[in-house]
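I opened a new notebook page for this chain.

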Amino acid sequence: MSFGTGLSGLNAASKNLDVIGHNIANGNTTGMKAGRAEFSEMYASALGAAGGSNGGIGVAVATVSQLFTQGNLKVTGNDTDMAINGEGFFKVSMSDGSTAYTRNGEFKLDKNGYIVTNNGAKLQGYATDLNGTRTSVVTSNLQLPTGGVISPKATGTDPALTSSEGIFLSANLNSGAPIATLPVPSPLTATYKGNGTALNVYDDQGNTIPMQVYFVKTAANTWSVISEVQPADQTLPAVNVGTASITFDGNGKPTAVPAITVTIPAGTYAAGIPTTPVAPAPGLTAVPIKVGDGTGAYPYTLTQYGSKFAINDLTQDGYSAGEMTGISIGENGLITAQYSNGTSQVAGQVGLTTFRNPQGLQPNNGGYWQATSASGDPVQGAPLEGRFGQLRAGSLEESNVDLTAELVNMIVAQRSYQANAQTIKTQDQVLSTLVNLR
């Protein structure tokens with residue numbers, strides 16, 4: 001029986017050395033979780049033999065468990081690298097259609113714009129609208145629009161952004177400015193262009209239309225807001241595309257929020273060399289220039305104070321077509337794509353998955369785990385939701401292997417192996433003595 005006891009000890013120590021060697025070999029493997037051999041005693045009575053003694057008969061490896069402790073995060077600067085700081089696994093779709101989970105965030109973009117692992121497994125996440133609101137609770141392959149252009153948006157025509165359509169203006173008009181000579185000519189002459197600013201607006205095709213906005217004082221506390229477009233052919237006169245009047249009270253505030261709109265007829269501005277035939281631009285219809293009194297929905301204000309004319313803020317919501325130039329990933333997993341036209345749009349959200357019993361996951365080659373009945377059903381969500389951890393873009397989670405501890409464990413396992421070998425040797429000597437009795 002002692003031979004069997006010693007042999008079980010040798011097998012257990014050998015398995016322990018295998019686990020330790022595996023840990024050491026993967027000390028630099030991203031997202032790797034260290035394993036630990038766990039042992040259990042064996043007794044003859046546990047075998048159910050009638051009249052069996054309670055003497056021990058050795059040791060068995062009960063299981064090899066993995067330690068799901070947090071690994072250190074290292075900064076890589078690679079946009080598609082991701083690390084989870086806290087609980088959760090990345091969910092990926094394998095090439096055979098099965099689902100797996102990993103902590104290895106070494107992701108790349110394939111030729112079709114999918115976010116994939118080094119083995120080609122596709123990262124799973126949630127579809128969102130352009131503002132980052134999730135539009136589905138079902139995960140799917142995350143794909144970025146790398147193979148095409150983002151469609152242009154005409155200034156002031158996005159139905160999804162009704163609260164922020166158009167041109168937004170904030171300025172101070174000098175209350176001491178002289179009253180202009182009336183009537184105001186159209187188009188304006190140089191005399192009337194002392195107070196104004198310029199901006200670009202965009203039509204439905206994404207054509208850039210340079211536009212100017214001028215402020216002309218026509219009476220005490222009364223100003224005209226005049227918008228003009230200069231055709232690409234500089235020999236042609238500017239075209240008045242919108243005029244409105246605004247009055248101020250004695251405190252320099254607008255007496256009412258003015259309704260200022262800009263309408264650019266088709267063909268008013270055609271980009272290109274004037275002598276080259278070009279198709280006329282579609283133009284714009286009733287684009288609002290929005291200002292406020294500082295208390296309404298729009299903080300953009302016009303004031304009339306006794307200081308120099310100044311434009312405080314000027315924005316518009318249109319843009320031309322553009323190609324994707326880069327991405328950024330937030331701590332909540334939202335993927336924002338940057339485009340060559342200067343705009344940014346959310347292109348999806350990285351999903352995370354957790355389990356009630358991570359120890360029940362089945363480890364596979366390549367740093368993947370698969371769910372089992374022991375792990376429980378997967379619980380899906382996104383970073384920073386519930387108990388899910390934070391996503392760190394441009395970083396990777398290092399292995400949680402402690403090399404110093406593993407080297408010490410190796411010494412202990414080696415001594416255990418030697419000791420069990422010694423019990424076999426001693427038992428052999430005892431048996432030899434019995435055999436040699438005369």
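**Cores.** I took a nonpolar core as a set of buried Ala, Val, Leu, Ile, Met, Phe, Trp, Tyr and Cys residues joined through side-chain atoms within 4.5 Å. Buried means under 20% relative accessible area, exposed over 50%, and partly exposed in between, with a 1.4 Å probe and protein chains only. I note that the model is predicted: local features need pLDDT of at least 70 and side-chain atom pairs count only at pLDDT 80 or more, while totals for chains, interfaces and linings use all residues. Residues are numbered from 1 along each chain as its sequence is written, and side-chain values use heavy atoms, with hydrogens and water left out.

Which residues have the most contacts inside the largest nonpolar core? I found M211, F215, I264 and L302, in a core of 25 residues. I then listed the elements that give two or more residues to this core: strand 12 (167-174), strand 13 (196-202), strand 14 (208-219), strand 15 (222-229), strand 16 (239-247), strand 17 (260-264) and strand 18 (284-290). I found a second, separate core of 24 residues, with I84, I115, L123 and L352 among them. Helices (H or I, at least four residues) and strands (E, at least two) are DSSP runs, numbered from the N terminus.

**Pocket.** I worked on a 1 Å grid over the protein atoms alone, where a pocket is an open set of points that a 1.4 Å probe fits, with protein on both sides within 12 Å along at least five of seven lines; lining residues have an atom within 4 Å of a point. Grid points are joined across faces, edges and corners, and the volume is the space filled by probe spheres set on the points. The largest pocket comes to about 510 Å³. I counted 25 lining residues, and H22, M32, K33, Q66 and P363 lie nearest the centre. Helix 1 (2-25), strand 2 (56-66), strand 25 (362-364) and strand 26 (368-370) each give at least two lining residues. Helix 1 has the largest share, with 4 residues.

**Y101.** I looked up Y101 in strand 6 (residues 99-102). Is Y101 buried or exposed? Y101 is buried, at 5% relative accessible area. I took contact as heavy atoms within 4.5 Å. Leaving out residues up to four places away in sequence, Y101 touches several residues, including F89, F90, F355, Y368 and W369. Y101 and L361 are 260 residues apart in sequence, yet 9.2 Å apart C-alpha to C-alpha.

**Salt bridges.** I counted 6 salt bridges; each is a side-chain nitrogen of Lys or Arg within 4 Å of a carboxyl oxygen of Asp or Glu.

K33 and E397 pair at 2.6 Å, N to O. K33 sits in the loop between helix 1 and strand 1 (35-43) and E397 in strand 29 (residues 395-397), so this pair ties together parts 364 residues apart in sequence. Both K33 and E397 are buried. I also found K33, R103 and E397 linked in a network of salt bridges.

E385 and R134 meet at 2.5 Å, N to O. They lie 251 residues apart, in two loops. E385 is partly exposed at 31%, and R134 is partly exposed at 29%.

D317 and K153 come to 3.1 Å between their closest N and O atoms. These two are 164 residues apart. D317 is buried at 12%, and K153 is buried at 8%.
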